[in-house]
Structure formats: structure tokens, C-alpha cells
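Here is a short note to read beside the model.

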Amino acid sequence: MAEQFVFGWHAVEAVLKREPERLLQVWIQTGRQDKRVKSTTELLDTLGVSWEIVHRKLLDSRVAGVHQGIVASVSESREWSEDDLLALLANSEKPPFLLILDGVTDPHNLGACMRTADAVGVQAVIVPKDKSATLTPVARKVACGAAETVPFVRVTNLARLLRTLQEQGVWLVGTAGEASITLHQADLTGPLALVMGAEGKGMRRLTREHCDQLINIPMVGDVESLNVSVASGVCLYEALRQRSAKG
């Protein structure tokens, strides 16, 4: 399998905790002697994973981003398929709660969406394979470990998956500024897939047409739209509030 880099303490610790078999090599910046470094290196030794104390320049050369003094080489994570997703939903005791990102190309936004998805209990984040960000090292860093906990599903034909989800009884709710129903008026308590479009462009036409309901996020200021990761967070937490209240 191909080698990847994961960086930042939260991201590396998430792999160490959940998928230690993926770790190939870890580099830690010289000068740190705190408890976090000690506990991490002790666990790496227990697992038999090679690690090395190196100068910051080496870490800077490995990745483009704020690495926080730790970089890990890992084997490529398993990619979830449409069949994997449907099997996950069939075996879950909870009603489906999914986040679909249509055309989100910024890895920072993807990572932030993954982080919020983990926080609210989303069962999977779904993206189309074309014109969409993937779990790059930057996205994993921003996700703060959520990339290792939330299934990330890339599908070839998003419209087909949307139809399949509808056949499974999942209610597809998309966001659109001109929608007449607000986020707070919508019922988000049942089997749900929240569909978010790219910032500015929104959802693609075919994706929009497959939605069962369109909602808007109330805006009282002068800006016309929110960053997609912020908008996703607002909608996901409203869904969580409603689902928690329903019990």
C-alpha cells in the first residue's frame, strides 16, 4: 500500500490509538521532553514502531503545514465504498445520520467538516470522487483525529447513491439560500443525510434535484453565505439538538 504522512499530535495520536498497525515511522522534533512525548514514545516502543528525534527542518521538509513537532509515516487507510456504507447502515441500531459534501475542494474545509461530524455522531461523510477534496495530510491535521474515526466514503456516482439512500428511507435535506423553510423549521430527527454544496456555487443541479427538502440558514447580517464548514457545523448541531430532544 502507498505511504502517507500524518502530522499534528491529535492526528498522530488518533492513528496510534485506533489503527496502530498503519504506523511505519514517527519523527518527533528535538527539544521536547514533556509527558506527551514520553507517553507517546513509550507506546511506540511497546508496539515496536520505529521513532526518531530530529531537527525541525526535517519535519518541515516532510509536510507542508503546522506539524506541531510530530510527523508519522503511515500505510494508506482503507477507502470506504458504497457497499461498505450500506452495510454499515444496515448493521447500525441508530437511524442513519450522514453528511454529504458536494464539490467541497478545500482540504481545510473537509477536515473541519470531518471534525464536526465526529463531534455530533455522524456515521459517515460522503463525497463524490470527482472535483472533491480527499483526506490529504492537511485535511487529517485539521480534522484533529476525526479522519481516523469517521468513515470517509468516496462514490463514483453521487446521484445514484442519493437514490439508493432514499430507497432505504433516508431523508435528504440540502441547503440553499433561497429555500423557504429555515433550518429550525425542518424536522431533522429521522433517518437523515444532510447535503452541503460548495461555498459560492452550492450543490450541483442533479444533486439538488435529488434532495427531498431544501432549507436555508437564517442570516440577519450583510454577508450572503457562510463558509461550508461553518454552515455544516450549524446544521449538524441543530440536527443533534433535535435528535437529542426526541431521545
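**Rings, charges and cysteines**

1. The charged end of R62 sits over the ring of W27, 4.3 Å from its centre. (A charge sits over a ring if NZ of Lys or CZ of Arg is within 6 Å of the ring centre and within 35 degrees of the ring normal.)

2. This is a predicted model, where local features need pLDDT of at least 70, side-chain atom pairs count only at pLDDT 80 or more, and totals for chains, interfaces and linings use all residues. Residues are numbered from 1 along each chain as its sequence is written, and side-chain values use heavy atoms, without hydrogens and water.

3. How many aromatic pairs does a search of the whole structure find? One. F5 and W27 form this tilted pair, 6.2 Å centre to centre, with 50° between the planes. (Rings of Phe, Tyr and Trp, the last by its six-membered ring, pair if their centres lie within 6.5 Å; planes under 30 degrees apart are stacked, over 60 edge-to-face, the rest tilted.)

4. Is W27 buried or exposed? W27 is buried, at 8% relative accessible area. F5 is partly exposed, at 23%. (Buried means under 20% relative accessible area, exposed over 50%, partly exposed in between, with a 1.4 Å probe and protein chains only.)

5. The structure holds zero disulfides. (A disulfide is a pair of cysteine sulfur atoms within 2.5 Å.) For C113, the nearest cysteine sulfur is that of C235, 10 Å away. C113 is buried, at 1%. For C211, the nearest is also that of C235, 12 Å away. C211 is buried too, at 13%.
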